[in-house]
Structure formats: C-alpha cells, structure tokens
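We will go from stop to stop, with something to select at each one.

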Amino acid sequence: DAQIINWLHEFRASVAYLTKELEQLVNVLLKLPWLRRSREVVEEYLGFLGNLVSAQTVHLRPCLRMIVSQFVPPRITIREDDVDISDSDDDDENISENFDTCHRALQTVARYVPSTPQFIMPILVEFFPFINKSERTLECYVHNLLRVTVYLPTLRLQILELIIEKLLKLDVSTPQQDIEDAEETANNCASEEKSTEEGLFDMEEDEDRKGNKVVSPSIERMAHPLAERLDILMTILFSYIKDVCHVDGKLDISNTKDLYRDLVSVFDKLILPTHASCHVQYFMFYICSFKLGFAEAFLDHLWKKLQDPNNPSVIRQTAGSYIGSFLARAKFIPIVTVKACLDLLVNWLHKYIDNQDTGANAYCDVALHGPFYSTCQAVFYTLIFRHRQLLDGNLRKGLAYLQSLNFERIVMCQLNPLKICIPSVVNLFAAITRKYQLVFCYTIIERNNRQFIPVVRSGTGGDLVQTCTNPLDSFFPFDPYILKRSKKTIDPMYQFWEELSAEDLENLKKPIKKGASEDEDDDFLKGETPQNDGVVEIAPNSYESNARSPVSSIGSPADCYVPYPL
C-alpha cells in the first residue's frame, strides 16, 4: 500500500505530462485494484482521478468506464469439469462499501468535468448486464444506476428509460402463462418431495426442520428464472419511486410531480407501444396511488391519447385498454372519478355513433373503428367491476344514472360492439345489464354467434378449425400481478375480482322488479357474496380462450358463460 500511495502521489504531481501519448500507462493505472485496499490508498486514488480528468480530459472516457465497470460484484472463476464458469462473487462482504466509493469517484469526476453526464450515458448503456446474468449482478447494477440519478439529476429520465426498457424485455420474454405453469410445476415437485420426506422421516422435529429450511425460502422465489430477475428489479424500482416521492415519511408533492412527468414520458415512449406486457406498467399504477391528483392526471393523459384522431389507431386502442383496466382495478380511484370517466367515454361513444352510424362506413369492422370498440370494451369492463359501487347506497339513483348512459343505443348500433369485444366481457356485461333491465343483449349475442364463421386452416397435422374470439387483439394491462416479492407493494391498492357463487349466478338471471326500493336489494346488489360450496368462478380477463382451467388463473379467474334465459 505504501508503495502504491507513493506512486500515485508522484503521478498526481505530474499529470500535466500524462497526455494522449501515455494512454497505455494511464490504462494500467486505471486497472489497479484500488477498491479493495486500505482507506489511504482509496483517498489517494480519488485525488489522482480528480487531478487526471481536470488536467487531461482526453482520459475522461476511460476513467468513467473504469468506475462503471465496478457497478457489479467482482467476477470470480469457478472450475467445473475442466470448464471455467465465470460469474459474480455474491459473498463479497465489502460490496456495499465498494459501491459507495465508486459513487464518490463518479461525483469527484463530475465535479471537475461538468460535461460528465453526456459522456457517461452511452457507457451506462454499454455496461448494462445481459438479462441472463445472475440476479445479484442485475440487482447491483440497477441499484447503482438509480443511485446515479440522485447526484446527476439531469440523467434521471435517460436512466429510467434504460432500466424500464430492459425490464420490458424481461417482461415480454416471460408471458403470464409461462410463469403460472412454472409455479404449478414447482409446487407439484415440492408436494411430491414433501410426501416422500414424510414417508422416510416420521419424526416431528425432522419435519419441522425441513419445513423451515427448505420450504420457506422457496415461497419468496419465483420458479421461472427470468420472472425471478424481473421480480427483484421491480421491487427495486418500487422502492426507488417511494424513496424519491417521500421525504421523512411524508409525500413531497414537488418531487412526486417531477418523477411523475419522467415516468409518463417513459410510459409513452416504451410501454404504450408494447403489446401485452404484464408487470412493468405497474410503476404508473404505483405512483398514481400516492395522491388522487396523479391518478386523475394519468387518466386525463390516456383520454387525450384515445380521442386524438392524429394518433395511430393501435395507440388509441391501447389507451382505451389502459383506461378500462385502471378504472376497474385501482382501489384508490373513488366512484366519483369513475362516474366522471364513464360520462366522458360514453358521451364520446354517442358522438362517434352520431357521426358514423348512417355513413358509408356504418358496419362492423375492427380496422375502421378500432378505438370505438376499445372504448366500448373499457366501459363494459369498468361497469362489470364497479356496478356494485355505482348502485351502492341509493339503488334508484344509481339505476337512473346507469339508464342515463343509454347503453341500449351503443349495443344496438350498426357498428355492433358486442360482436368485437372479448366474449367473457360481453357475457358478464349482458348478464348485469339484463339484471338491472338496462339493455337486453342476448338477442344480439345470439345473432352474432350465428354469423360467426370459423376459419379452417390446413397444416401438416391436418385441418385446424379456429374461431377468432379476440378480433381487437386487446388485453387488460392491469390484470393480476403475480410476481411474489413486488406484488406485496401492489396488492393493498388492487381490486381483485370477487368470485361469484352459484347463488349470485342465479340472481344474475333474475331481473329486478321495476321500481324496486332500496329495501329490496339482494346479496348481489349489496356486494355480499354468500358462502356457498359450489363456487363458480367467472371473470373477464385478457386471455381469449373460454376453456381455461380454473387452477391456471390467479386473481382473474377463468371465463364462464352465463346462459341467457330462453
């Protein structure tokens, strides 16, 4: 250490001579393992870096690359069967201290060279670990990137964009069905192992020991390896959002507004054009939960996207999906806001029908009227989830409000939205509107079913008959969140679908009497689900098949057809 300090001291005194010609010498100095040495060496090295970049800015990039390369745990090489396997060293005790020192080094460089932010961003992109690297490597790098935004605030938007882009790649690489299948397989294996253990060891202590040691860590882990990485990184992102927005445990409106603007910008650029991502979009759900004003601003932002004819049709349709899913699933949105949004959406639908229902394009076509169908589906979906709250308290007033929306005109129009929307949504909407005698949809549904022409496709395995049950290719962005660690942040503010019992399904088929008073409310109206052994699960979700098994669906159960009375 004394020798290194002596050399660094000499180099500090002669930085004027370390020009471009001596680049090789500087590179050797930058490769010096200074982080794992004594405090004196670290301090001397930080001083040397400061002198070097202020005197010779030509060496700025190599210095920044050296610092950023330390944002992940050091690599170790393990030899297995004559093959060198290289990965991060997860057991380094001083790793946190080393990261602190790296950030000090970066702050020192930034203090001497104000243009550091524009030079460091391409380096941060270049050094981002591949998604198949160990969870620990990804976790450390993302954590350190977010730390950089604290002292280089001009980079925050670009860094958030970089992180969310990588998260999105992870998310679309792991469809929800794959995650559920992996969990199911892991659970089956665990139960098989447990039954084998119980057969081998009958002593209670041994079972307890095994239960505590083996089962509990696996409860937190995701069985799917990419889902595990995504879960860890989403937890870090949620923690970051919370830390930025809260000062001393209280919400700081100014900080939250700034972060909200950055996140909306990233949402528009990356999330909105991406089809069927499952989890990453929840960063908007989370920040909107802090204060109603942010949720309303987000809804307003989506509404402007939806109604603007200059936006591409696919973006308008996705905005419609986000509005419907957000209104249905966010517990923190009060019924007053839901009503205001329904008024906006339904008025827009009626104006659209006024303009289109008599012209040359007044026929059912997704390519022509995609945003209209997407908005219809958003309205139907919101009504399915929120109808109890809309009718709560004053049934007569609630029914008068729903009747004022004039669903009959929307359903009966030439554009025929019931033919295009997802069948599970249509069936539940039909059952609920029939119960409250708002509109009778079943004649139209039956007519649509008769017109449905299955598509026959010939392949090597023979002919395959397909019926397209999701012509809109729509999805519900806020379908149940299934990553185990990070879902703890989302669950308290999330509206899960309440299963309907067989009795409720019977009630759906019986229309309420005209002029029913509040005293005549049944269980379904009051939002109570009677305890019943024969529970039938029924919920709208973005999976188009009507034949999914109940076990494969979490929170948003399998679709079930509510038969209409003959």
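Two aromatic rings from Phe, Tyr or Trp (its six-membered ring) pair if their centres lie within 6.5 Å; planes under 30 degrees apart count as stacked, over 60 as edge-to-face, and the rest as tilted. By this rule the structure has 33 aromatic pairs.

Before you select one, some ground rules. The model is predicted, so local features need pLDDT of at least 70 and side-chain atom pairs pLDDT 80 or more, while totals for chains, interfaces and linings use all residues. Residues are numbered from 1 along each chain as its sequence is written, and side-chain values use heavy atoms, leaving out hydrogens and water.

**Stop 1: the whole protein**

Show the cartoon. The protein has 25 helices and 8 strands. These are DSSP runs, numbered from the N terminus: helices are H or I with at least four residues, strands are E with at least two. Now colour by burial. Buried means under 20% relative accessible area, exposed over 50%, and partly exposed in between (1.4 Å probe, protein chains only). Of the 566 residues, 48% count as buried.

**Stop 2: two tyrosines**

Select Tyr 282 and Tyr 494. Their ring centres are 6.4 Å apart and their planes meet at 50°, so the pair is tilted. Tyr 282 is in helix 13 (residues 282-288), and Tyr 494 is in the loop between helix 23 (487-490) and strand 7 (500-501), 212 residues apart. Tyr 282 is buried, with a relative accessible area of 0%. Tyr 494 is buried too, at 1%.

**Stop 3: two phenylalanines**

Select Phe 285 and Phe 478. This is a tilted pair, 5.2 Å centre to centre, with 50° between the planes. Phe 285 lies in helix 13 and Phe 478 in the loop between strand 6 (462-466) and helix 23, so the pair ties together parts 193 residues apart in sequence. Both Phe 285 and Phe 478 are buried.

**Stop 4: the core**

Which residues have the most contacts inside the largest nonpolar core? Select Ile 241, Phe 283, Met 284, Ile 287 and Phe 326; the core has 159 residues. Helix 11 (residues 225-245) gives the largest share, 13 residues. Domain 1 (1-74 + 95-113) and domain 2 (309-453) both contribute, so the core lies between them. Those domain bounds come from an automatic or database assignment. A nonpolar core is a set of buried Ala, Val, Leu, Ile, Met, Phe, Trp, Tyr and Cys residues joined through side-chain atoms within 4.5 Å.

Zoom in on Phe 326. Beyond its neighbours within four places in sequence, Phe 326 is in contact (heavy atoms within 4.5 Å) with residues including Phe 285, Cys 288, Phe 332 and Phe 478.

**Stop 5: cysteines**

Select Cys 413. Its sulfur is 6.7 Å from the closest cysteine sulfur, in Cys 376, too far for a bond. Cys 413 is buried, with a relative accessible area of 6%. Across the whole structure, the search finds 0 disulfides (pairs of cysteine sulfur atoms within 2.5 Å).

**Stop 6: charge over ring**

Select Lys 339 and Tyr 401. The charged end of Lys 339 sits over the ring of Tyr 401, 4.8 Å from its centre. To count, NZ of Lys or CZ of Arg must be within 6 Å of the ring centre and within 35 degrees of the ring normal. Next, select Arg 111 and Tyr 112. Here the charged end of Arg 111 is over the ring, 5.8 Å from its centre.

**Stop 7: Asn 255**

Finish in helix 12 (residues 253-271), where you will find Asn 255. Asn 255 is partly exposed, at 29% relative accessible area.
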